[in-house]
Amino acid sequence: MRSVLIVDDERIEREGIAALLQMGNYNLEILEAVNGKEALTILKEKKTEILLSDIRMPFMDGIELTRQAKIMNPDMAVVIFSGFSDFNYAKEAIRNGVLEYILKPVDPQEFKNVMDSVMSYLDKKKQNEEAMQKKQEFLGQYFLHKFIHNGKSEIMDDAMKILDVSWWNRTGRMLLLNGEDGFFENYDGDFEQMLTEELPFSFHYLNYDSDSSILCFEQNVKVDFQILAKHIFEFVEKSCGRQIYIAVSSQLEGKEAIPQGMKELESLMENRYYRADQWIFMPDTNWENKENYELPLEMVEKMEEDIRLHDIAHLWEHYNKFMKYKEYGAGFSYIYMNFVCTNLIKSMYTQMDYPVEKYSNVIEKMFHVENIQEVAEALEETIHLFEQKLFSVKNSNRSEVEKVKSYIYAHYQEDINLEFLSAEVYLSPGYMSYIFKKETGEGLAQFIRKFRLEKAKELLCTTNKKIVQVCAETGFTNPSYFCKSFREYYGCSPDRFRKNEIQRETM
């Protein structure tokens, strides 16, 4: 409901204008003031969209009231009433931003025409503002998506020229939400709005692909993010009947940390293929808060699991954390260190199908090393060997990736996902995800989305097919989601993109 303030020192005049407003069924909250001074007090306390004011009043006339009111709210629609037909009043009123000027006594039909014009003006202005806001939001998502993907400073510079992206520099944490089977594309509703209404603090939202969305929280949001992630998980499960995976980044400092935060989230999210009983993945707890015996045991268990799953990326990550623990002065027992490293080395050789006699000399050597550093070096050397052994089939891996890419090129219009593609080349989803990203530099879901959008762009440029047809023929199931994804990737809507291409061709 909009509010209107009637300002006139004559009570009967105010009541007459109020009656005309009520007769017009404009659905307005009607406020009244007896002079300009009182009107300014009301305007300071309450946002008012329409000001209807007489010119001649005590303390402050309508022209001065208009001038000060427009300073407070430049978008206010002002209509001036006067019993004087002096054209100078009209000119002065117009200079101060008055929308309409009506002579007294007010003619009801003229008043209705003026109010219809005012309401139409405000409606159109609101529509334009909403359209501009939407455009700003889409541009913001377009630049953020590009910046997160490649981290180039030029993208940030370009964004800052046309948008207020100062919040990038205030980002403290990022959450990656990952669904399955095109969860975010097929969600029937506004997922961002649903979360906005549920969470008690603000965040910045970006749909990354059909299965992933990102939430960015500013540094002033003080909350236990593990509890927050659990709350979001339970809320989505209850509201949507679906379970989603959630990864939480470490604390970020400055906008340059955003792309790195995304890499950390993707690395954490990879755990969903190996930790079937987990839905929420957090960065490791601070080293200082660990008891001496807890951390090495935790890292060793993780390394054993990494070796079993041939997960080289996480193996190196957990090894580095295991070794870094020494820097905090923990009472690392040499005997304990030797024991666990020897067992890890045995596990790797076993996974490489080496006969015992071929690595027994390595194990024998472990009993003669003289310090912890030599133990660590032996373990690191074996990890390198393990990695080389796994990637000795690199050409085979590349072949599997090429097979997957070829399948995508031929079947991008169909429903394809990581699990299906992994089965096609007889690999686990986790390993397929790992080698695909290592070979192409991007995740499988992002690769599929990008290729579909490129095919959509091609259809828009070369055919007259309707947007819904282009959507269906490029593997998108939701036209609204397709248009949103296109805007995020190319910076404009499919329809605007097509018009721009036609204009270029005719120039």
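Lys125 is partly exposed because its relative accessibility is 24%, where partly exposed covers the range between buried (under 20% relative accessible area) and exposed (over 50%), computed with a 1.4 Å probe on protein chains only. The side chain of Lys125 meets that of Asp75 in a salt bridge, with 3.2 Å from N to O. A salt bridge here is a side-chain nitrogen of Lys or Arg within 4 Å of a carboxyl oxygen of Asp or Glu. Asp75 lies in the loop between H3 and S4 and Lys125 in helix H5 (residues 108–150), so the pair, 50 residues apart, links distant parts of the chain. With a relative accessibility of 36%, Asp75 is also partly exposed.

The model is predicted: local features need pLDDT of at least 70 and side-chain atom pairs count only at pLDDT 80 or more, while totals for chains, interfaces and linings use all residues. Residues are numbered from 1 along each chain as its sequence is written, and side-chain values use heavy atoms, with hydrogens and water left out.

**Overall composition**

The protein has 507 residues, of which 46% count as buried. It holds 22 helices and 10 strands; these are DSSP runs numbered from the N terminus, helices being H or I of at least four residues and strands E of at least two. Among contacts between residues at least 6 apart in sequence, 67% join residues at least 24 apart, a contact being heavy atoms within 4.5 Å.

**The parallel sheet**

An open sheet is formed by 5 strands in the order S2-S1-S3-S4-S5, with parallel pairing; two strands pair if DSSP finds at least two bridges between them. Strands S2 (28–33) and S5 (100–103) stand at the edges with a single partner strand each, so one side of each has no neighbour in the sheet. From one strand to the next, the twist averages 20 degrees. Within the sheet, S1 (residues 2–7) and S3 (residues 50–54) run parallel and are joined by 4 bridges. Val7 has Ser53 in S3 as its bridge partner.

**Helices on the sheet**

Helix H3 (residues 62–72) packs on the sheet, where it touches S1, S3 and strand S4 (77–82), and its direction makes about 160 degrees with that of S3. Such angles run from 0 to 180 degrees between N-to-C directions, the axes being lines fitted to C-alpha atoms, for helices over the stretch in contact. Helix H2 (residues 36–45) lies across S1 and S2 and runs at about 140 degrees to S2.

In H3, the residues Gly62, Ile63, Leu65, Thr66, Ala69 and Lys70 are buried. Seen down the axis of H3, its buried residues fall within an arc of 155 degrees, so they line one face of the helix; the arc is that of the directions from the helix axis to the C-beta atoms. The N-terminal end of H3 is capped by Asp61, which has a side-chain oxygen 3.2 Å from the backbone nitrogen of Ile63.

**Salt bridges**

The structure holds 24 salt bridges. Two of them are listed below.

| Pair | Closest N and O atoms |
|---|---|
| Lys161 and Asp158 | 3.7 Å |
| Lys465 and Glu473 | 2.7 Å |

Lys161 and Asp158 are separated by about one helical turn because they are 3 residues apart in helix H6 (residues 153–162). Lys161 is exposed, at 66%, whereas Asp158 is partly exposed, at 36%.

Methods:
Polar contact = N/O pair within 3.5 Å; in protein donor to acceptor, adjacent residues only side chain to side chain.
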